[in-house]
Every structure is written in C-alpha cells, then in structure tokens.
Amino acid sequence: IMSGWHEEERRADGDGGCLSFASRPIKSTTNKTSRRSIDQRFRDYLARTNIDVIAIGLLLALCHIRAVHAKSEEATDEGGHDSLQDEHSDEHKEVYAILFPWFAEIVGVFVYYFLSRYAHAIPYTAVMFIIGTLIGISTKYLKDDVSSSASTWVGIEGHLILLIFLPGLLYLDSYNIDVHLFVASFVQLLTFAFPMVLAGTTLTALVAYYVFPYNWSFDLSMTFGAILAATDPVAVSVLLNELGAPPRLKIHVSGESLLNDGSAVVFFIIFSSRFLYELQLEDVGKDIGWGEGFKLFFRLSLGGACIGIAFGVGLLMILYNLNRRLSGEDSVVQVVATITTAYLVFFTSEILAQCSGIIAVVFCGIVVKAFGETLYNDSHLSHHFWEITEYLLNTLLFALGGCVWGDLISGVDVYDAYQFTGSDWGFLIALYVLITIIRFVLIFAFYPITSNTGIGTTWKEAVFMSYGGLRGAVGIALALALHAQVVHFTSNESEEMQKQYQGYTTKLFGMVGGIALLTLVINGPTSGPLLKHLGLVTPTESRKKIIENYEQHMMQHTLVEYVKLLTEERFHDVDYTVVKCHVPCLRNINYDQLIAAVKKHKEESPLIDYIKPNLKNVIPYLYGGGPEHGVEDDQHTPFLHTPTTRSLRRTQKMEYGQRATKRVYGDRSTVYDMRAIYSKSDVEEKRSVFAKILRTAYHRLIEQGEIEGSGFVFYTLKQSVDHADNAASRGLPISDWNALEVASNGWIRPAESIMHRILNLKKLFRDKNICIDFDRRYFFIHTKVRQILAFTHAHEWARKIFKREFSKAGEDYLTPAEKIVMDESDKQVQLASEALCELDETEVAMVKSQYACQILLNRSAHYYQKLHQRGLMTEREAGKVLEEIEDEINDLLECREKEYEDEMSSSEKIRRLSMIPKETLHMQGIEDVVPTDVCVSDLGSGL
C-alpha cells in the first residue's frame with residue numbers, strides 16, 4: 001500500500017498536479033474493471049478512505065496507553081504511598097458516579113424494546129423501578145462499579161434531587177395541556193388541587209399516625225400524606241391518548257396532576273419544616289403555626305405563579321426575536337432557551353424567592369403554550385427534545401428511587417429500624433387499600449362541586465379518576481429529598497439520633513416507594529379495561545365503521561400509488577399476482593377501481609410530468625368483458641366521476657398553463673448550445689450541485705418507503721454520493737457507481753448478512769423450525785438489485801430536477817458544462833444497467849416484484865401515520881395496523897416464491913387485452929393508456 005502511495009505521488013508530481021493518497025481518484029469504470037477481484041476493490045477502498053493508516057495509528061496509540069498505564073501501576077505499587085492510593089480511590093469514585101445514570105438509560109432502552117413489542121400493558125416506569133430495586137439490593141452484596149456508582153447517587157443532597165428532576169418533568173406536561181379546556185375547567189382543577197389535596201393529606205396522615213407502629217410525629221405523618229397526595233398521570237395519560245378518551249377526562253387527569261403536584265409540594269415544604277424542627281438543630285426546620293402556615297401557603301403558591309408568568313413572558317420575548325425560520329440554528333437556540341428557562345424559573349422560585357418552584361414551572365409552561373406556540377420556528381424539534389428529556393429523567397428517577405428502595409428493604413443494615421420486615425409489607429398492603437379508599441371518598445365527596453362547575457363531569461369519569469390516581473415521579477423525588485436531608489443533618493450527631501430519625505425517613509421512603517410500585521403495577525395495567533368497561537372510550541360499533549372507512553380510503557390511496565409505480569419502466573414487469581399476494585389491500589380490487597385510479601393519477605399529474613402507466617400485467621386479471629365494466633355502472637367506482645362542462649373548461653385551462661410551463665422549461669434533454677464558452681470551474685460547480693441533488697434524491701427514496709434509512713443499501717448509496725461530492729470538489733468526473741461497488745464489497749455486506757441471519761433466529765424458533773436455512777447468494781442478489789434500482793431512480797430524478805431548476809430558465813438548451821454533467825450521469829446509469837443485466841433474469845424479476853410490493857406497503861403505512869398525526873386515529877389503532885403492515889413486509893422479505901398461483905402466461909394476457917372494446921377505453925378516458933391494437937403476434941414484444 002505504501003509503495004503504491006509513493007508511486008501515485010510520483011505520477012502526480014510528474015504531471016504537475018497535487019494529487020495525494022487521500023484524494024486518489026477511482027479510475028473510470030468499464031466492463032473489465034467492473035469485474036475486478038474483491039482483493040483489488042478492497043485495496044481501492046483502503047486507498048480512498050485511509051482506513052489502514054487510521055487503524056495502524058489507533059493500534060499504536062492503544063499500545064502506548066497500555067504501556068503508560070502499566071508503568072503507572074508499577075510506580076504506584078513500588079512507591080507504597082497510601083495517600084496517593086486514597087486520592088486515586090476518591091477520584092475513581094467521583095469519575096464512576098457518571099456510570100449509574102447512563103447504565104440505567106441503556107437498560108431502559110432494552111426494557112422499552114421488550115415492553116413495546118411483547119408486554120405493552122406493563123408500565124415502563126414500574127419495570128425501571130423494579131430494576132432499580134434489584135440494583136439497590138445488590139449493593140449490599142456486590143462491590144462492582146455499577147453498585148459503587150449507584151451508592152454515590154443514593155447520597156445526593158435533597159434539594160439537588162428536586163432541581164435535577166422536577167423542572168424537566170413538569171415543563172412538558174404543562175406545555176402539552178389544552179389551554180382552552182384548562183381555563184374552562186380551572187375552578188374544578190383548583191378544587192382537585194387544593195382543598196382535596198389538603199383533605200387527602202390529612203386522612204393519609206391519620207392512617208400513618210394511628211395505624212402504623214412507627215411512632216411518627218403528626219408533622220412527619222402530614223409530610224407523608226403530602227408526599228402521597230402527589231399523583232403521576234404519565235401511564236394513565238398515555239393510555240387515554242391511545243384509547244381516544246374524551247378531552248374532558250384528559251384535562252381533568254392532567255390538569256389535576258399539575259396543580260396537585262404544586263399544592264402537594266407546598267404542603268410538603270410546610271410540614272417537612274415542622275418535622276425538621278423536631279431535630280432541635282440550629283437553623284434546621286421551622287416551627288410554623290397555623291396562621292403562619294396559611295400565610296406561607298399563599299406566598300408559596302401565588303408567588304410561584306407570578307414568577308412563572310414573568311419568566312413565561314420573558315421566554316415569549318426571546319422566542320419572538322429568534323424569528324429566522326430558515327435558520328436551523330435559531331430553532332436550536334429556541335429549544336435551549338426553553339430548557340434554560342424551565343430550570344432557571346424553578347431555581348429562582350424555589351431557592352432564591354422561597355416560593356413553589358413546581359407552580360412556577362407549570363405557569364411558565366402554560367403561558368408559553370397559550371401565547372407562544374406559533375413563535376417556534378420548528379415546533380417538532382422542541383416537542384421531540386422535551387420528550388427525550390422527560391424519558392431520560394423518568395428513567396433515571398425511577399431507577400434511582402428503586403435503588404434506594406431496594407437498599408432499604410434488603411434487611412442487612414446494622415440498625416433494626418432500617419430493616420423492612422414482614423410486618424412492614426403487611427402495613428404496605430393495608431396502606432395501598434386505604435389510600436385507594438381515601439381517593440374514592442375524596443373524589444365523590446367533592447363530586448357535587450366538580451359536576452356543577454367548569455366543564456362538568458360524570459360519575460363514570462369520577463370512578464376512573466379515583467382508580468387512576470397513580471403515584472410516581474414527584475412523590476419519589478420528595479421522599480428521596482426528605483431522606484437525604486435527614487441523613488445530611490444527622491450525620492454528625494449521636495448514633496441514637498441517627499438511628500431514630502434516619503429510621504423514620506427510611507420507613508417513610510419504603511412506604512412511598514412501595515405505593516408507587518403497587519399503583520404502577522396494579523392500577524396502571526388495569527386502567528384500560530376499566531376505561532372500556534365504563535364506556536368512556538369511543539363506542540365499538542361506530543368506531544369500527546370509521547376505521548373501515550379509513551381502510552377504504554387507504555385502499556384507494558395505495559391503488560393510485562400502484563398506478564404511479566407502473567409509470568416507471570423499472571416496474572413494468574411486475575405482475576399483479578405478486579402484488580395481490582403481498583399487498584392485502586389490493587387483493588380485491590376490480591376493473592372500475594383501477595380505471596378510476598388511472599384517471600385520478602392523470603388528473604393530479606401536471607401535463608409536463610405525466611407518463612402513461614403500463615397496465616399490461618394488471619388489466620388481464622381484472623377485466624372480465626361483461627357489461628358490469630361499462631361506464632353506465634358507477635356503483636363500484638367510489639372516486640370515478642363524469643366530467644362536467646365546467647370541469648372540462650377548467651381542465652383545458654390547466655392544460656394550457658401546463659403547455660406554457662413546458663415552453664418555459666423547454667425540452668432540455670436533446671438541445672445543447674455548443675457555441676457557449678465554459679470554464680473548468682463551471683463544470684466543477686455543476687457537478688457539486690448535481691451531487692447535492694443526488695443526495696436529496698436518496699433521502700427522498702427513504703421518505704417514499706423505497707429504501708430503509710438504517711440499512712446496507714442506503715449506507716452504500718450514501719458512501720457513493722459522498723465520493724461523487726468529494727470528486728467534484730477536486731475537479732474529477734462523477735463516478736459514484738464505481739464507488740458504490742467498492743463500498744458494497746467491503747466489510748459492511750458480510751456484517752449485514754450475519755446480522756440478518758441472527759435476527760432470523762427469532763422467527764425460526766418462534767415457528768419451531770430450528771433448521772437454519774440462510775440463502776447467502778439470494779441475500780447478495782437481493783441487495784444488489786435494490787441498490788441498482790435505487791441508484792438509477794435517484795439519478796433519473798436528479799437529472800430531472802437539474803434540468804428543470806438549475807439550468808438557465810427561459811432557454812431551450814443546455815450549456816456545455818451541463819451536458820458534461822448529464823453525460824457523466826448517463827454513463828453511471830448505463831454501468832448500473834449493465835450490472836443488472838449480468839444477474840439472473842428470473843431472480844431480478846422476483847426482487848423487482850418484492851421491491852414494488854414493499855414500496856406499496858410502506859406508503860400504506862405512511863398513510864396511517866398521517867391519520868394518526870392529524871388526530872383521526874388513536875395511537876393504539878394506528879399502531880395495530882402498522883404492526884400488521886410490518887409483519888407483511890417481513891413475510892415479503894422472507895419470500896422465495898418464483899411462481900404464483902393464477903399467474904397468466906404472456907399469450908393469455910394479450911388475448912384478454914385484445915377483448916377490451918375500444919369504445920369502452922375511449923369513454924373511460926384511458927385509450928392512451930392501454931393499447932388496443934394487440935394480437936397474439938405481439939407476444940414478447942413488450943406492449
């Protein structure tokens with residue numbers, strides 16, 4: 001390799017150029033060079049990417065690092081300095097603190113994958129809490145890095161826990177709320193959030209004070225009641241969105257939770273201060289009387305609301321000034337401004353102003369939602385960012401809460417007060433039953449008020465709200481904060497004091513964590529059946545009719561897409577029997593529906609772009625020759641209509657405008673102005689523009705469902721266009737097909753084939769077919785054909801855009817520079833076509849057919865995704881259909897059939913085409929689509 005490098009440099013120097021190893025071009029491809037050995041292609045790949053040099057450098061660096069590390073350990077062992085070892089241990093502990101959160105996140109990825117595919121009803125947060133519990137228990141027995149990192153997080157300071165988790169969790173919930181319904185039901189939500197929370201806090205405190213044998217003070221019992229008063233609607237809200245619950249129930253659940261959290265934290269601050277005052281330590285806690293308590297309550301709540309509104313207005317001003325909608329950087333900075341404001345408003349209200357940080361964040365989010373939703377340059381970017389933030393924080397919080405809970409219930413502490421015994425489990429079950437009863441009592445005690453104010457409510461909704469009051473993120477954060485505060489304040493006190501008060505908060509957190517786990521595991525999965533039993537979701541029969549209507553429209557949409565595919569030469573050989581086998585929605589179409597789809601496609605296509613579909617492999621299966629296919633019978637044609645005089649005039653005007661457009665753009669494929677003078681830089685610039693269009697074409701194929709964005713095909717195509725762009729910048733001709741071949745024969749294709757085989761094991765074991773039959777040759781042909789089809793289609797689209805948009809407007813010719821670029825593209829397409837001709841014709845036809853079917857299935861899935869995005873289908877309804885389509889695609893990719901049932905011969909197809917009356921074709925407007933002058937002698941001529 002090195003000798004080849006020097007030789008190339010000598011040739012470059014001799015020619016007076018500046019060519020180097022990193023920029024060595026791939027030589028022009030011919031039939032001979034396209035069949036080079038894999039070894040030669042691999043050498044070219046190394047020459048172009050310098051992977052060999054990089055690998056050697058990394059290997060040398062790794063060896064150097066290992067040598068330095070070995071010498072460092074040797075010096076430490078020989079020196080015997082204990083202080084240095086202690087210092088190293090402390091640094092090791094600080095560094096490994098970063099391990100636990102990201103370990104929890106990667107575990108969460110696997111948990112989500114399992115639950116979303118196999119156990120959808122189980123709440124994600126409940127599983128993460130259980131996994132955290134197992135980690136917490138393991139810290140008593142294992143001394144690995146994860147346990148050490150988890151121990152660091154368990155001892156985090158109380159206020160820091162609230163500052164880390166609550167702003168990020170609450171802002172998205174407040175921003176997602178329906179502001180109109182929130183304002184309309186504000187009186188009801190205040191009733192849920194303040195008097196009902198206070199009553200619930202008191203009743204739960206009475207249970208803890210009189211039922212539990214822990215000798216808690218009444219202030220600690222009230223603190224316990226305030227913690228359990230905070231509800232977590234995450235699992236229930238997801239369920240309501242999936243099943244399509246009424247908006248009134250959604251706003252009651254989400255709005256109650258937001259204000260509920262704020263009031264619960266206010267009561268927590270008041271009563272936890274009174275409890276910490278019992279420690280009799282200087283500057284710890286405060287003896288708050290009833291009068292001062294009410295004053296503090298209003299200061300915390302109203303002060304937090306005012307601070308939140310002020311920060312919300314400030315954020316609106318920032319969003320308004322970042323108004324360059326075409327600037328992606330402005331959109332990113334807008335998102336940065338939202339998360340910064342969320343954490344700053346919480347810190348300002350909670351720490352600096354001594355008000356409620358939760359209420360401040362809630363009102364800040366509501367103000368931005370009410371007045372600033374249209375100020376976002378990219379609202380999807382902001383929403384997705386906050387969804388990611390909420391996912392990360394929920395995962396870490398529940399894992400951390402479970403870790404602390406597992407550490408407390410493991411029962412191996414030196415103090416008996418820390419142990420979670422069998423009797424404690426009994427009290428936990430009793431507490432779960434009692435707080436469920438308390439929740440029902442409170443909801444129905446305030447029912448006369450909530451049913452007659454605001455937007456009202458029903459007894460069925462009241463039942464669901466009583467049962468769906470899950471506990472989760474805020475309660476766990478508050479319990480963690482209280483336990484951390486007590487540990488911090490009593491760490492330097494007597495052993496007896498540590499045992500007493502840390503034992504109190506240990507039991508308290510054990511109960512809070514247990515209630516969160518039980519409500520998530522029991523109430524969460526059973527809320528869906530209860531919602532359906534109460535009849536709070538859309539009635540089954542009426543909803544079923546709506547879904548059936550969507551299916552009909554999807555069939556029509558997919559049929560039009562099928563007709564569009566038949567306009568492309570690459571799919572002219574696709575037989576309808578293959579489509580009927582693999583695309584369920586097109587199995588029962590009739591002739592009239594096909595003709596209607598053809599006419600719809602023609603009406604929607606501009607005259608300059610319209611191409612007649614090739615129906616020779618479709619119509620023979622659908623046309624029966626009977627009177628039912630005449631134009632007088634329109635009952636089977638849902639979107640076929642007879643043109644009126646007005647519509648004909650409109651069509652004539654459109655065609656006139658389209659012809660004018662065609663005159664402007666001209667036919668640029670054949671006329672060139674060879675007298676024009678062009679420069680080398682002009683050609684380079686045109687090549688660079690074409691490479692960028694080609695890159696856009698590949699991404700367009702992903703959006704249209706032709707190729708997978710994460711697959712081998714797209715990766716190699718991306719590599720080829722990268723090479724084309726790089727070559728254009730160095731003044732070299734476009735040779736992306738050569739680069740595509742080199743990239744295809746590297747390490748990626750074997751790696752993907754191995755991955756494909758591993759992933760197939762799941763289906764093999766599921767079907768109890770342990771014998772593994774992996775057709776490696778078919779996999780390579782399958783990939784090669786898809787590469788060529790995508791490559792040629794992308795080049796055709798790029799050529800079309802290049803001629804239409806990037807050439808000189810108003811002139812009917814191409815410049816010489818443009819002709820050079822077009823000729824280079826033609827050459828690449830020709831090389832790809834020659835490579836396709838070298839493959840087995842039968843196998844190519846099979847892959848083409850499967851490719852067309854996959855495109856149709858992906859476009860059907862895209863249709864349902866749009867219905868869900870527009871709110872016309874619930875997440876569960878759309879998800880069910882998308883899973884079925886995904887199964888169809890998987891079955892399609894595993895299909896090896898070369899012949900299909902009821903497939904006609906070429907002579908039979910031509911015979912049936914010749915039976916169609918010319919008058920029928922003329923009256924239905926497709927005389928220019930289906931050739932009628934066919935006979936048996938046309939066999940094999942390609943209609």
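## Basis

Residues are numbered from 1 along each chain as its sequence is written. In this predicted model, local features need pLDDT of at least 70 and side-chain atom pairs pLDDT 80 or more, while totals for chains, interfaces and linings use all residues, and side-chain values use heavy atoms, without hydrogens and water.

## Helix α7

Helix α7 spans residues 145-154. Helices are DSSP runs (H or I, at least four residues), numbered from the N terminus. Val146, Ser147, Ser149, Ala150 and Trp153 of α7 are buried (under 20% relative accessible area, 1.4 Å probe, protein chains only). They sit on the same side of α7, because their arc around the axis is only 160 degrees. That arc is taken from the directions from the helix axis to the C-beta atoms.

The buried residues of α7 pack against α5 (99-118), α6 (124-138) and α18 (379-409). Contact here means heavy atoms within 4.5 Å.

## Thr490

Thr490 belongs to helix α22 (residues 473-490). Its relative accessibility is 0%, so Thr490 counts as buried. Leaving out residues up to four places away in sequence, Thr490 touches Leu279, Met497, Gln498 and Gln502. A polar atom of the Thr490 side chain lies 2.6 Å from the backbone oxygen of Val486.

## Cavities

The whole structure holds four cavities of 30 Å³ or more. A cavity is a set of points on a 1 Å grid over the protein atoms alone where a 1.4 Å probe fits but cannot get out; lining residues have an atom within 4 Å of a point. The largest cavity has about 150 Å³ of space, the volume filled by probe spheres set on the points.

Its lining has 17 residues, with Gly200, Ala229, Arg439, Leu442 and Arg471 nearest the centre. Helix α11 gives the largest share, five residues.

Note on methods
Buried means under 20% relative accessible area, exposed over 50%, partly exposed in between (1.4 Å probe, protein chains only). Helices (H or I, at least four residues) and strands (E, at least two) are DSSP runs, numbered from the N terminus. A polar contact is a pair of N or O atoms within 3.5 Å; within protein, one must be able to donate a hydrogen and the other to accept it, and residues adjacent in sequence count only if both atoms are side-chain atoms. On a 1 Å grid over the protein atoms alone, a cavity is a set of points where a 1.4 Å probe fits but cannot get out, and a pocket is an open set with protein on both sides within 12 Å along at least five of seven lines; lining residues have an atom within 4 Å of a point.
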